[in-house]
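Open the model in your viewer and keep the selection tool at hand. The stops below run from the whole chain to a chain contact and then to a single residue.

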2 protein chains.
Amino acid sequence: MTQPRRVGLIGLGAMGQGLASNLLRAGFEVHGCDVRPEAREAFARAGGHAAGTPAEVGAACDVLIVLVVDAEQTEEVLFGTTGAAAAMCEGRVVVASATTPPAFVARLAQRLSERRLLLLDAPVTGGVSGAAAGTLTLLTSGPEEAYAACEDVLAAVSSRIFRFGTTPGLGSKVKVINQLLVGVQIAAAAEAMAFGMRQGVDPQLLYDAIRSGAGDSWAFGDRAPRMFSGDGSTHTALDIFVKDLGLVLDAAREAEFPTPLASAAHELFAKAAAAGLGRADDSAVIRVFPGIS
Amino acid sequence: MTQPRRVGLIGLGAMGQGLASNLLRAGFEVHGCDVRPEAREAFARAGGHAAGTPAEVGAACDVLIVLVVDAEQTEEVLFGTTGAAAAMCEGRVVVASATTPPAFVARLAQRLSERRLLLLDAPVTGGVSGAAAGTLTLLTSGPEEAYAACEDVLAAVSSRIFRFGTTPGLGSKVKVINQLLVGVQIAAAAEAMAFGMRQGVDPQLLYDAIRSGAGDSWAFGDRAPRMFSGDGSTHTALDIFVKDLGLVLDAAREAEFPTPLASAAHELFAKAAAAGLGRADDSAVIRVFPGIS
């Protein structure tokens, strides 16, 4: 290993910025890119080396973290016209952190290995606040060599690193299951808050009581306030849960496994998206219930 | 108010025992009864006055807490042949803490007022552990006089007392909404754990990762370990959630309000009960999923 270690980061959204801060603080040289100029500028102001293309980032780093939205974007930034994979040196590692189908991750590992690149399957959970605080949960799987090639980088990003085995895709399976729970629990929070408000219960009191008792969940605590406070800011776009619960249903169909709650939750998010709420905060799913405007 | 204050407790199950301990510790004289002799004996050993009938308890107390399972039992212990209501002095207060339909509570208030008795609608959440630790959440509503007549008793039982208004039934509406969330979240925990195990994910690791991330819920933390640990002990009987999610669906039908997640969860618990698991722990709902024995 050479010093200083160079980390590449593709995808400088709110979560990527959080990771970048922690990596810079830990002394890494961080190269990054994003399609949005304002994201690149914020990254540069924070001390990062902003690049124009994924290929430039790939050429400049020892470890490449891909933190884009989905499988299509992961494919594009690695193997597209200006993709990073062709620019990376043999033996380097790609840390794939978008939420993607487990089967996609398995194919990705295969394609990268043909270029003698390693893959660590490493989707994350814990939200934007976790990325900034260094308390993200990393759901990882991959071969020993992949871990060995990036353990210092992972350690700088979070202390909560779960290892599910040597097969790429296992980490993504767990991420899909995590999204099943988050999606169902956001939808349940909406169903509960809407039902209470419809019956004349004060929403703030209802929220406080649920938080105090057995009905509480991380998703309820995080999302329910935005369901009645009039705070219209978007933290996670509703479309993300249409996509992620879609990944749950795809995985369930592939495994011939019934997921009735995920199906019901997916339908609520799809209904909200169809009503034009796809770009709104995911808490806006409450607006599919009667009496909520 | 006379001293020492005398509290009656009908229903000495695990939760009732927890309340009794806190009341005795706070210096109240506690009278109680239960249909099961072993519950009465445990209560007497702890320092309570065990009575043979609800009427005896009603005659001996200033404040009567009814902590039985449902509306039918509440009806029976108050107005049955040996019911407490007829034995209580005018102006006394009944604290109704079973999970019952909100409409039942409204009728109960009316019937008690005809005997010049007060009603405090006060279902609880927080489980057996909360009852013992004094951290139960009380979801209350009722007239000022009812609160005034029992505030010292409530304070001895918990510091988490939520007041939803003066109308009896509002507390029970919130309890029903709480059960919607708990029921959906236990069912979601089962769906997630079963799906993960089916895909070859180590259940203990899966549990730890979910707890660490955004998919966590109180119900997941409490129930999921019993879904894979082989611990067959019954904490809450599965039949309770068939009943409580049934109350959610009844309330939803009455309000003409859609509750797709509660409906899906109810179906899973009903399916488990139909398979003979009604008396098993509610975590046994995981056994309706394929591959779980």
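Helices (H or I, at least four residues) and strands (E, at least two) are DSSP runs, numbered from the N terminus. This is a predicted model, in which local features need pLDDT of at least 70 and side-chain atom pairs count only at pLDDT 80 or more, while totals for chains, interfaces and linings use all residues. Residues are numbered from 1 along each chain as its sequence is written, with chains lettered from A and ligands numbered from 1 in the order in which they are written.

Select chain A. Chain A has 12 helices and 9 strands, and its C-alpha trace spans about 65 × 45 × 35 Å along the principal axes. Of its 293 residues, 56% count as buried (20 or more other C-beta atoms within 10 Å of the residue's own; exposed means 12 or fewer, partly exposed in between; C-beta atoms are placed from the backbone).

Finally, select A:Ile292, in the segment after α12 (260-277) of chain A. Is A:Ile292 buried or partly exposed? A:Ile292 counts as partly exposed because it has 16 C-beta neighbours inside 10 Å. Not counting residues up to four places away in sequence, A:Ile292 touches A:Ala194, A:Ile286 and A:Arg287. For a distance label, pick the C-alpha atoms of A:Ile292 and A:Gly230: they are separated by 11 Å, and the residues are 62 apart along the chain.

Methods. Two residues are in contact if their C-beta atoms, placed from the backbone, lie within 7 Å.
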